[in-house]
Amino acid sequence: MSLSLATSFRTPSLIASLLLLLLASHFPHRSEGKEDDEWENFKEWCIADEQTPADELQRAMEWACGKGGGDCSKIQKGQPCYFPDSIKDRASFAFNSYYQMFKRKGATCYFNSAAMVTDLDPSQGSCKFEYLP
């Protein structure tokens with residue numbers, strides 16, 4: 001007894017396999033040794049939420065630069081990210097520094113609701129926001 005082609009496509013495992021194959025073909029695969037440039041569209045930075053009051057941004061930034069362990073040396077006076085001279089810009093740099101350093105260890109871009117993730121590079125002029133894959 002032979003099965004027709006139409007009958008063979010009704011088996012759940014075959015349908016599931018075809019569906020997985022179809023879905024997999026629409027997502028990029030990362031191979032060892034390939035440059036991160038092909039992942040350009042998947043970059044994320046952590047920045048200050050513009051709606052957060054300055055005092056909350058200040059507290060969150062102090063934590064990120066202190067106990068959080070972020071590298072905030074570039075937002076110190078005379079450094080490339082000291083300007084623009086606003087709490088929002090400095091907090092964004094501090095939040096992103098912490099996030100990039102510790103995201104692979106489970107860190108989030110939350111900061112008591114003072115921050116958010118963006119896929120737009122927040123770098124300005126000589127102030128470059130780090131991105132780590």
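## The disulfide of Cys81 and Cys127

Cys81 and Cys127 are both buried, a term for residues with under 20% relative accessible area, whereas exposed means over 50% and partly exposed lies in between (1.4 Å probe, protein chains only). The two residues are joined by a disulfide with an S to S distance of 2.0 Å; a disulfide is taken here as a pair of cysteine sulfur atoms within 2.5 Å. Since Cys81 lies in the loop between α3 and α4 and Cys127 in the segment after β2, the pair ties together parts that are 46 residues apart in sequence. The link of Cys81 and Cys127 is right-handed, with 105 degrees about the S-S bond.

## Basis of the description

The structure is a predicted model, in which local features need pLDDT of at least 70 and side-chain atom pairs count only at pLDDT 80 or more, while totals for chains, interfaces and linings use all residues. Residues are numbered from 1 along each chain as its sequence is written, and side-chain values use heavy atoms, with hydrogens and water left out.

## Overall organisation

The protein chain has four helices and two strands. Their order along the sequence is α-α-β-α-α-β. These elements are DSSP runs, numbered from the N terminus: helices are H or I runs of at least four residues, and strands are E runs of at least two.

The protein chain has 133 residues, of which 29% count as buried. Among the contacts with a separation of 6 or more, 69% are between residues 24 or more positions apart. A contact means heavy atoms within 4.5 Å.

## The other disulfides

In general terms, a disulfide is a covalent bond between the sulfur atoms of two cysteines. The protein has three disulfides by the distance rule. With the bonded cysteines counted along the chain, their pattern is 1-5, 2-3, 4-6.

Cys46 is joined to Cys109, with an S to S distance of 2.0 Å. The torsion about their S-S bond is about 85 degrees, so the disulfide is right-handed. Tyr110 is also found in the loop between α4 and β2, and Tyr110 counts as partly exposed because its relative accessibility is 47%. The C-alpha atoms of Tyr110 and Cys46 are 8.6 Å apart in space, although the two residues are 64 residues apart in sequence.

The disulfide between Cys65 and Cys72 also has an S to S distance of 2.0 Å. Its torsion about the S-S bond is about -90 degrees, so the link of Cys65 and Cys72 is left-handed. Cys65 counts as partly exposed because its relative accessibility is 29%, whereas Cys72 is buried, with a relative accessible area of 7%.

## The nonpolar core

A nonpolar core is a set of buried Ala, Val, Leu, Ile, Met, Phe, Trp, Tyr and Cys residues joined through side-chain atoms within 4.5 Å. The largest such core has 23 residues, and the members that touch the most others are Cys46, Ile75, Phe95 and Phe111. Two or more residues of this core come from each of β1 (45-48), α3 (54-65) and α4 (87-102). Helix α4 gives the most, with six residues.

Not counting residues up to four places away in sequence, Ile75 touches Met61, Cys65, Cys81, Tyr82, Arg90, Phe93 and Ala94.

## Gln100 in helix α4

Gln100 is found in helix α4. Gln100 counts as buried because its relative accessibility is 2%. Beyond residues up to four places away in sequence, Gln100 touches Glu44, Trp45, Glu130, Tyr131 and Leu132.

## The cavity

A search of the whole structure finds one cavity of 30 Å³ or more. On a 1 Å grid over the protein atoms alone, a cavity is a set of points where a 1.4 Å probe fits but cannot get out, and lining residues have an atom within 4 Å of a point. The largest cavity has a volume of about 60 Å³, a volume being the space filled by probe spheres set on the points, which are joined across faces, edges and corners.

The lining of the largest cavity consists of Ile75, Cys81, Phe83, Pro84, Asp89, Arg90, Phe93, Pro122, Gln124, Cys127 and Phe129. By class, this lining has eight nonpolar, one polar and two charged residues. Here Ala, Val, Leu, Ile, Met, Phe, Trp, Tyr, Cys and Pro count as nonpolar, Asp, Glu, Lys and Arg as charged, and the others, Gly among them, as polar.

Conventions
1 Å grid on protein atoms, 1.4 Å probe; cavity = no way out; pocket = protein on both sides within 12 Å on 5 of 7 lines; lining within 4 Å.
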